[in-house]
Amino acid sequence: MTGMYDVAVVGAGPAGSAAALRVLQLRPDARVLLLDAARFPRDKTCGDGIAAGVFDLLAALGLPDLSGLGGSVPRLHVRSPRGAVADRHCARPNRVVPRAVLDDALVTACVARGARMRRQRVRRVEAHADHVVLDGDTAARTVIGTDGANSVVRRSLGIAPRPRVTAVAVRGYSPQAPATPGALHIAFAEGRRPAYAWSFPLADGGANVGYGIFDGTAPTSRDELLAGLDAQLPGQEPDPSTVRGHRLPLSTGGRVQPDGRVLLAGDAASLVNPLTGEGIFDAVASGVLAGQAALCGAAAGAVHRASLRRCFARHHRHTAALAHLMRSPRFVHAAVLAAARDRAVFDDVVEVGLGRGAAHARTLATIGALFVRPGTGRRVGVPTGPLLAPAAS
């Protein structure tokens with residue numbers, strides 16, 4: 001082995017880069033190694049929608065303004081399984097940034113700060129009392145696993161994935177205009193399994209399109225996902241060469257962070273929003289927390305576990321309860337109706353789905369009233385009345 005790194009980060013996506021940047025922000029002289037199996041820039045299967053809060057976290061790490069990496073998308077357009085529509089401007093615009101662009105910018109920032117980047121597929125992790133060894137030849141005082149849903153680092157801790165709480169999705173790039181220009185377009189599907197299609201506008205005029213099923217209890221094929229996409233977004237067929245499938249370990253599966261010098265963040269820690277499949281905000285936030293804890297030596301695992309609990313516990317309680325309710329298309333319909341009617345409900349929905357917000361009592365009461373009101377379960381046409389008309393603010 002050649003020397004000892006202070007921190008080795010396995011996986012150079014947003015979680016890994018955020019972890020490395022936080023270590024170097026706290027200790028600019030730290031020896032940080034960033035490992036990834038891919039050569040950057042590289043594509044990553046994702047919806048490419050980046051919530052405004054992600055850029056806040058990156059700015060707090062001292063990065064320059066990254067808003068120019070992708071187009072600003074001011075609105076969110078959501079359609080319920082039964083035809084109701086909520087279409088409003090978000091409190092702050094989100095952005096659509098291809099992961100090939102975003103992740104490369106973050107890795108470049110890590111290297112500029114002093115991290116060493118190495119292309120390597122880590123296959124073995126051995127934890128000792130005072131250090132961790134990767135692949136038998138690389139040692140670090142602390143290792144952070146941010147290597148995705150199939151994390152080798154997580155498996156080294158004896159933590160098995162839980163397929164019943166794993167979403168599955170397919171994504172592609174369509175040359176056609178987005179379903180709703182200027183908006184993140186989400187269309188929930190009718191059926192016994194919670195699912196939705198998305199169409200997010202790209203700067204070149206095309207769209208990132210996809211379809212996800214948020215229920216790991218039954219097998220799902222690529223053909224089934226593509227059929228769901230076509231049913232919800234007719235005419236937005238993706239270029240077949242860009243179609244990729246992926247699994248999303250949802251936060252409802254529980255998170256295990258043992259004591260010791262091996263930490264988990266992002267998808268490797270099952271930090272994916274069970275309502276939307278959004279994972280970049282959680283990845284960056286948990287990466288920052290892992291970077292802080294990594295400097296705590298043998299106490300790193302306990303410190304990171306406590307930090308994750310403080311940061312996410314309330315959010316996870318709310319999303320777990322709402323994920324259960326969203327198995328009912330009638331509940332989703334009521335939630336969209338409520339968001340169309342009430343600006344505060346809409347803002348709550350955005351924060352719960354794209355950040356780490358919680359549903360306030362008033363929001364739950366408004367949705368509940370529409371859920372139990374006679375007639376809300378009926379299918380409705382595309383709304384045109386003032387209640388459901390797109391709002392300017």
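## A buried asparagine and an enclosed strand

N94 is buried, with a relative accessible area of 4%; buried means under 20% relative accessible area, exposed over 50% and partly exposed in between, using a 1.4 Å probe and protein chains only. This is a predicted model, where local features need pLDDT of at least 70 and side-chain atom pairs count only at pLDDT 80 or more, while totals for chains, interfaces and linings use all residues. Residues are numbered from 1 along each chain as its sequence is written, and side-chain values use heavy atoms, with hydrogens and water left out.

**Around N94**

- You can find N94 in strand 5 (residues 85-96); strands (E, at least two residues) and helices (H or I, at least four) are DSSP runs, numbered from the N terminus.
- A polar atom of the N94 side chain lies 3.1 Å from the backbone nitrogen of A52.
- Leaving aside residues up to four places away in sequence, N94 touches I50, A51, A52, G71, S72, V73, L184 and L354, where contact means heavy atoms within 4.5 Å.

**Strand 1 and its partners**

- Strand 1 (residues 4-10) is largely enclosed by the rest of the structure, because six of its seven residues are buried.
- Strand 1 and strand 9 (residues 138-145) run parallel and are joined by six bridges; two strands pair if DSSP finds at least two bridges between them.
- In strand 9, T142 stands opposite V7.
- Strand 2 (residues 32-36) also runs parallel to strand 1, with four bridges joining them.
- From strand 1 the chain crosses through helix 1 (residues 14-26) to strand 2 in a right-handed β-α-β crossover: with the strands pointing away from the viewer, the path from the first strand over the helix to the second runs clockwise.

Methods: Polar contact = N/O pair within 3.5 Å; in protein donor to acceptor, adjacent residues only side chain to side chain.
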